[in-house]
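Have the model open while you read.

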Amino acid sequence: MINRHYLELKDDYLFAEIDRRVQAFQEAHPERKLIRLGIGDVTRPLCPCVVDALRDAAQEMGEQVRGYGPYQGYAFLREAVAAYYASRGTHVEAGDVFVSDGAKSDLGNILDIFDTDLRVLIPDPVYPVYVDTNRMAGRPVSFLPAADTGFLPLPEAGTRADIVYLCSPNNPTGAVYSLPQLTQWVEWARACGAVILFDAAYEAFVCEEGMPRSIFEVPGAEECAIEFCSFSKTAGFTGLRCGYTVIPSALERDGQKLGRLWLRRQSTKYNGTSYVVQRAAAAVLSEEGRRQTREAVDYYRENARVLSETLETLGIAYTGGKNSPYVWLRCPGGMTSWEYFDFLLERAGVVGTPGAGFGQSGEGCFRLTAFGRHEDTHEASRRLLELGR
Ligand code: PLP
């Protein structure tokens, strides 16, 4: 009766276990002020032009009917997305943009258009959604251990897969692929016919000149890649919900355009992102919206800089923190990631995320996020420095 593959999923225990340990600690030490650098949610409010757009759109809907919208998203938003890519020198057609309620839904739902017995390759450690959505569909997955590659695994002579997931800037490791590295993946995919599912949810954090923010910066990617983007971290939409997926019309498998299959899927199972939210998302991409959201991204980026500098001072190895809101560190003294979690909680009152929760190769590592408030991040830094290695 039931989909038995659900029973094969690991319990979603990571954040539950963190909460359990934090709560037990806080009950035993009610006087200790904890700093939470574990969450991946934003702490800055929506920027003013988004709030104005929401208000105006709500007003408009009170004056005229805005019913079901186009399945693919309103043209005004798809065109704004294409213009956003163009402003970064990347060509994307508005007709290849599919608006949704966020990257997580699309990353899971995209599997509907693929065969169940495909070979799926997933870097490890990883954003757990890629693994669980494949397991729910009963699709076996292979892992690509990333720890020995600076958390930027590349295809090798024997790499075989039909679908590969890449996430850059990466959650949880903060590592970012360079253009030559992404080019290697695109060349590999074109040679073997694989499709790259490229998660660019954190593209707005890339600030270094020459570092790619989109797989479509690589020539030929339009024939082998799908890109998933989100307004969640770029513009604080985690509670508003909007994202978009780019499926180039040149991307075909078995003689079928994948974008057409996706539209068929969406028009059957999804009735679209609300008009109000799409207006708000378009406001993010306006000139004023980009300026205002840049301020929030810079705010988090500054936190990331403080955390990176702290680890450098302590001589603790890490990745991320530069073009990413995540800082991924090697637990000092050979501690396991849960040992380091308890150590930091008890000795410094700082809460992070144990790397083991992101896959086998995450063991011995630990994730801190830059999404906290400045004051808390500075206080966490002070406590870490006081604690030493
Ligand atoms: N992709 C990655 C790598 C993420 O870390 C997240 C959220 O944390 C998402 C996608 C989901 O984004 P959204 O809020 O648009 O569903």
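1. N303 sits in helix α10; helices here are DSSP runs of H or I with at least four residues, strands are runs of E with at least two, and both are numbered from the N terminus. At 0% relative accessibility, N303 counts as buried (buried means under 20% relative accessible area, exposed over 50%, partly exposed in between, with a 1.4 Å probe and protein chains only). Its side chain reaches the backbone oxygen of G372 at 2.8 Å. Leaving aside neighbours within four places in sequence, N303 is in contact with A370, G372, R373, H374 and T377, where contact means heavy atoms within 4.5 Å.

2. Before going further, keep in mind that this is a predicted model, where local features need pLDDT of at least 70 and side-chain atom pairs count only at pLDDT 80 or more, while totals for chains, interfaces and linings use all residues. Residues are numbered from 1 along each chain as its sequence is written, and side-chain values use heavy atoms, with hydrogens and water left out.

3. Next, look at α9. Nine of the ten residues of this helix (residues 275–284) are buried, so α9 is largely enclosed by the rest of the structure. The buried ones are Y275, V276, V277, Q278, A280, A281, A282, A283 and V284. What covers them includes α2 (48–63), α3 (75–87), β2 (97–100), α7 (232–235) and α10 (287–314).

4. Now the rings. A pair of aromatic rings is described by the distance of the centres and the angle of the planes. The structure holds 19 aromatic pairs (rings of Phe, Tyr and Trp, the last by its six-membered ring, with centres within 6.5 Å; planes under 30 degrees apart are stacked, over 60 edge-to-face, the rest tilted). One of them is Y202 with F205, a tilted pair at 6.4 Å centre to centre and 55° between the planes. Y202 is buried at 6% relative accessible area, and F205 is buried at 1%. Ring pairs also link Y202, F205, Y299, Y300, Y326 and F371 into a cluster.

5. How are the rings of Y340 and F343 arranged? They are stacked, 6.0 Å centre to centre with 25° between the planes. The two are three residues apart in helix α11 (residues 337–348), so about one helical turn separates them. Y340 is buried at 3% relative accessibility, and F343 is buried too, at 17%.

6. On to the salt bridges: the count comes to 24, each being a side-chain nitrogen of Lys or Arg within 4 Å of a carboxyl oxygen of Asp or Glu. R20 pairs with E17, their closest N and O atoms being 2.9 Å apart. Both lie in helix α1, three residues apart, so they are separated by about one helical turn. R20 is partly exposed at 48% relative accessibility, whereas E17 is buried at 13%.

7. Which parts does the bridge between E203 and R88 tie together? The closest N and O atoms of this pair are 3.7 Å apart. E203 lies in the loop between β6 (195–199) and β7 (225–230) and R88 in the loop between α3 and β2, so the bridge ties together parts that are 115 residues apart in sequence. E203 is buried, at 4% relative accessibility.

8. R119 and D162 also meet in a salt bridge, at 3.2 Å from N to O. This pair links distant parts of the chain, with R119 in the loop between α4 (103–109) and β3 and D162 in the loop between β4 and β5, 43 residues apart. R119 is partly exposed at 43% relative accessible area, as is D162 at 23%.

9. Please check the backbone at a few spots. The peptide bond from D124 to P125 is cis, with omega near 10°, and P125 lies in the loop between β3 (120–124) and α5 (129–136). Another cis bond runs from N171 to P172, with omega near 20°; P172 is in the loop between β5 (163–167) and α6 (179–192).

10. Finally, phi. F151 is not a glycine, yet its phi is positive, about 65°; F151 is buried at 8% relative accessibility. D254, also not a glycine, has a positive phi of about 50°. D254 is found in the loop between β9 (252–253) and β10 (256–257), and it is exposed at 79%.

Technical notes:
Polar contact = N/O pair within 3.5 Å; in protein donor to acceptor, adjacent residues only side chain to side chain.
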